[in-house]
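Student: Could we go through this structure together? I have not worked with it before.
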Amino acid sequence: MPFLKVMKRILLLSDFLGYGKVACNAMIPILNYNDIETLCLPTSLVSNTLNYGQFNIYNTTSFIEDSLNTYNKLNIKYQCLYSGFLFDKKQFDIIKDIKKRDSDLLYVLDPIMADDHKLYNGVDDAKVDNYKELLKLADIIIPNYTESLLLCGYRANDDVGYDVIADKLKLLAKSFVITSYVENNEHFVIVYDHILDKLDKIAYEYLPYSLAGTGDIFASILISNYLNGYDLYTSSIKTIRSINILIKANMHLKQGKPLAIEQYLDKIF
């Protein structure tokens, strides 16, 4: 697909941390390494990852609005939009406005709401509904299994087969990559490419080691592969391999500590 091969600039809308390799902090070095120029407008400024128990967070909605107006005046263009953590309803509306102005923009949605059958702190039914509204605008969504349940109208603690989830998501969105489906103690990534109308179930090696930011890293590697011309299935295969290498390289760290990313980039691509 030649159109994809020229996509070399992306706008990231997600949170930015003073301490911790998650969200934009984790994504920027990966995208830049793959020759994808990044524009980053933080949806919030956060002092540190929330697992420390104490943190400070600052809403940046007005900064995003002002910056986008400046980009328009300067004619700064981007071919891909990624949204992760969104702070308030206005930020959801900003994304709708961006897509309204440029319907050809490739929009990748990471609906950050929940994991391990539990909602994140601060996520309520209203925020879930806001993410659902973005589904019809997104070209690719990257939910984990719990988030895919919520998007399909189930509860976070429900247990539903991937085939049922996939059938529902096909009606709600275009392409999707479900990053964490477990069946009979085996772990899978579920990939649906709406262009090919093809559903794939990809097994991966589960590593029982928790690293903050893994989902953000998965998204940035997947986007890097996709923008550099690989189809969604191949991008997913390559991303699974890269994540496996990166986690193994970081397993000597104490769980919860910031990931080491930059020094391993030449090994994961």
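Tutor: Let us begin with a term: a contact means heavy atoms within 4.5 Å. Please also keep in mind that this is a predicted model.

Student: Which residues does L11 touch, not counting residues up to four places away in sequence?
Tutor: L11 touches L39, L41, L68, Y78, C80, L81, Y82 and I98, with residues up to four places away left out of the list.

Student: Which residues have the most contacts inside the largest nonpolar core?
Tutor: They are L11, L68, I98 and I141, and that core has 44 residues. A second, separate core has 42 residues, among them I28, Y82, L246 and I247.

Student: Where is the place of I98?
Tutor: I98 lies in helix α4, which covers residues 89-101.

Student: Is I98 buried or exposed?
Tutor: I98 has a relative accessible area of 3%. The cut-off for buried is under 20%, so I98 is buried.

Student: What does I98 touch?
Tutor: Leaving aside residues up to four places away in sequence, I98 touches L11, L13, L68, Y78, L81 and L105. For L81, the C-alpha atom is separated from that of I98 by 8.9 Å, and the two residues are 17 apart along the chain.

Student: Let me change topic to helix α2. How many of its eleven residues are buried?
Tutor: Nine of the eleven are buried, so α2, residues 23-33, is largely enclosed by the rest of the structure. The buried ones are A23, C24, N25, A26, M27, I28, P29, I30 and L31.

Student: And what do those buried residues pack against?
Tutor: They pack against the strands β1 (9-13), β2 (16-19), β3 (37-40) and β6, and against the helices α8 (214-227) and α10 (265-268). I28, one of the buried residues of α2, is also included in the second core.

Student: What follows α2?
Tutor: D35 follows α2 and has a positive phi, near 65 degrees.

Student: What about H117?
Tutor: H117 is in the loop between β8 (114-115) and β9 (118-119). Its phi is also positive, near 65 degrees, in a residue other than glycine. With 33% relative accessibility, H117 counts as partly exposed.

Student: Now the whole chain, please. How many helices and strands are there?
Tutor: The chain has ten helices and 13 strands. Of its 269 residues, 51% count as buried.

Student: How much of the chain's contacts join residues at least 24 apart?
Tutor: The share is 65%, taken among contacts between residues at least 6 apart in sequence.

Student: Finally, what about the surface and the charges?
Tutor: The chain exposes about 12700 Å², of which carbon and sulfur atoms supply 51%. There are 28 positive and 33 negative charges, and their mean positions are 3 Å apart.

Methods. Residues are numbered from 1 along each chain as its sequence is written. This is a predicted model: local features need pLDDT of at least 70, side-chain atom pairs count only at pLDDT 80 or more; totals for chains, interfaces and linings use all residues. Side-chain values use heavy atoms; hydrogens and water are left out. Helices (H or I, at least four residues) and strands (E, at least two) are DSSP runs, numbered from the N terminus. Buried means under 20% relative accessible area, exposed over 50%, partly exposed in between (1.4 Å probe, protein chains only). Accessible areas come from the Shrake-Rupley method with a 1.4 Å probe; for residues, only the protein chains shown count as cover. Lys and Arg count as positive and Asp and Glu as negative; His and the chain ends are not counted. The place of a charge is taken as NZ of Lys, CZ of Arg, CG of Asp or CD of Glu. A nonpolar core is a set of buried Ala, Val, Leu, Ile, Met, Phe, Trp, Tyr and Cys residues joined through side-chain atoms within 4.5 Å.
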